[in-house]
Amino acid sequence: MVKESKEFNFEQDEKIIKRERKEEDDQEVNMYFVHYKGWKQTWDEWITEDRVLKYTESNRQKQKQLQEMNARLKTSRTPTRESTEPRGRKRYRDSDIERQRAEEETRRTEFKLIMPETLKGILVDDWENITKNRLVLNIPGEYTVDRILDEYKNQYPVKDDVLDEFIKGIRLYFNKTLGSLLLYRNEYDQYTELCTNKEPSSIYGAEHLLRLFVEMPNLLAQASIDAETQNELKSRFEDFLNYMQEHEKDYFLNDYQTKA
């Protein structure tokens, strides 16, 4: 966000890590590498001046909404009980936990998914509709997660075992994490009602699938994945996100209703 002036003076909620002159569309432009306060490093990005919002009350409100959405999407952690271990052993264990967390954070930083801008906007609108307007998505819709994954797979006519495993992995992650990680509080009643005897991927659609990719760096940080596999996954995930953007008008129907 930027205040009204001839120079681009960024507010305290953003931190400029780098500024460079780069070529874009055959002309030199100012580029800023920005870290957003309250957001993980995986959302750091290069932006041009036309991406900087003016300092207005409406843009301040949008900024607040983004920060609140990010806080909601953070993985909840169970409080730990007071330990009765001897001090020396506890200090060693705590040090080991901190080391593991640091390694996970490094993997999360390295595994950064580039999400198309329009999909980021959909995430924000989805958060606002559900948490602010107290609505829920009209489920099931025409395009379920299963259908979206099948259509993505079918665009490749040649059989590909790696692609099959990739699709199976997304479906598995979605079905296992929806109820514990991807829902907002006022969506749980709907989830309990709809998913008693069915897999979530056969009911839920693109909006909930998109939330999975916000959490994907956290999820993969907990798995032991070598660098080559990580790069392959990153490429495939971003290809899938671009596919969702290309079919945005079909998949994201913006069909919300008052909670029953």
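This is a predicted model: local features need pLDDT of at least 70, side-chain atom pairs count only at pLDDT 80 or more; totals for chains, interfaces and linings use all residues.
**Stop 1: the whole chain.** Show the protein chain as a cartoon. You will find nine helices and five strands. Trace them from the N terminus: the order is β-β-β-α-α-α-β-α-α-α-α-α-α-β. The accessible surface comes to about 16300 Å², and carbon and sulfur atoms hold 46% of that. Of the 260 residues, 39% count as buried. Next, think about contacts with a separation of 6 or more: 71% of these join residues 24 or more positions apart.

**Stop 2: Arg-134.** Select the loop between helix H3 (117-132) and strand E4. Arg-134 is there. Phi is positive, about 60 degrees, and Arg-134 is not a glycine. Most residues other than glycine have a negative phi.

**Stop 3: Pro-140.** Move along to the loop between strand E4 (135-137) and helix H4 (145-154). Pick out Pro-140. Which peptide bond here is cis? The one from Ile-139 to Pro-140, with omega near 0 degrees. Most peptide bonds are trans.

**Stop 4: Asn-254.** Jump to the loop between helix H9 (248-251) and strand E5 (256-258). Select Asn-254. Its phi is positive, near 55 degrees, and Asn-254 is a residue other than glycine. Is Asn-254 buried or exposed? Asn-254 is exposed, with a relative accessible area of 56%.

Conventions: Residues are numbered from 1 along each chain as its sequence is written. Side-chain values use heavy atoms; hydrogens and water are left out. Helices (H or I, at least four residues) and strands (E, at least two) are DSSP runs, numbered from the N terminus. Buried means under 20% relative accessible area, exposed over 50%, partly exposed in between (1.4 Å probe, protein chains only). Contact means heavy atoms within 4.5 Å. Accessible areas come from the Shrake-Rupley method with a 1.4 Å probe; for residues, only the protein chains shown count as cover.
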